[in-house]
Amino acid sequence: MPKPEGVFDIEHPFSKIIVPGFVMEYIPGIRLSRVNETLATSSWLNEIRKVRSLGYYMVDWGDNNALWVPEIKKIYLIDFESWGLPKNN
Ligand SMILES: Nc1ncnc2c1ncn2[C@@H]1O[C@H](COP(=O)(O)OP(=O)(O)OP(=O)(O)O)[C@@H](O)[C@H]1O
Ligand SMILES: [Mg+2]
């Protein structure tokens, strides 16, 4: 996953309102949904397994929400909105 940078005041691109924004590392990757490489898919499935083994439930975990960086053969999961731990934890 991309490394978190922190929460900063961000100007919304359309409304120009300043809002708190969670900023993460920029990943120069390609959406997995546009990649046709077995290693990319297997890395993605492995990453999903790791998230689940930590007890998180995932929302919207489709292959449009993963970035593949071919140069380092690494997958990054993005768009983890609403992910969480079960409430009874
Ligand atoms: N950490 C990141 N580094 C580089 N690009 C990113 C990063 N996070 C998101 N993006 C870019 O922004 C796009 C959309 O991100 P995200 O999936 O979080 O938003 P979304 O509103 O769900 O859009 P979509 O419906 O296209 O999935 C990604 O496909 C990617 O191109
Ligand atoms: Mg998305």
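## A guided tour of the model

Start by colouring the protein chain by secondary structure: you will find one helix and five strands. Here helices (H or I, at least four residues) and strands (E, at least two) are DSSP runs, numbered from the N terminus. Follow the chain from the N terminus and the elements run β-β-β-α-β-β.

Before you go on, a word about the model. It is predicted, so local features need pLDDT of at least 70 and side-chain atom pairs count only at pLDDT 80 or more, while totals for chains, interfaces and linings use all residues. Residues are numbered from 1 along each chain as its sequence is written, and chains are lettered from A and ligands numbered from 1 in the order in which they are written.

**The whole chain.** Zoom out and show the C-alpha trace, which spans about 45 × 40 × 20 Å along its principal axes. Of the 89 residues, 10% are buried; a residue is buried if 20 or more other C-beta atoms, placed from the backbone, lie within 10 Å of its own, exposed if 12 or fewer, and partly exposed in between.

Next, select residues 66-69 and 74-77. These are β4 and β5, an antiparallel pair joined over four bridges (two strands pair if DSSP finds at least two bridges between them). Look across from V69 and you will see K74 of β5 opposite. Four residues lie between the two strands of this hairpin, and K73 in the turn has a positive phi of about 50°.

Most residues other than glycine have a negative phi. D79, however, has a positive phi near 60°, and S82 has a positive phi near 70°. D79 is partly exposed because 15 other C-beta atoms lie within 10 Å. S82 has 9 C-beta neighbours inside 10 Å, so S82 counts as exposed.

**Ligand 1.** Keep D79 selected and bring up ligand 1. Which residues are around ligand 1? They are P2, M24, E25, Y26, I27, R31, N64, N65, I78 and D79, each with its C-beta atom, placed from the backbone, within 6 Å of the ligand. Colour this shell by type and you get five nonpolar, two polar and three charged residues. In this scheme Ala, Val, Leu, Ile, Met, Phe, Trp, Tyr, Cys and Pro count as nonpolar, Asp, Glu, Lys and Arg as charged, and the others, Gly among them, as polar.
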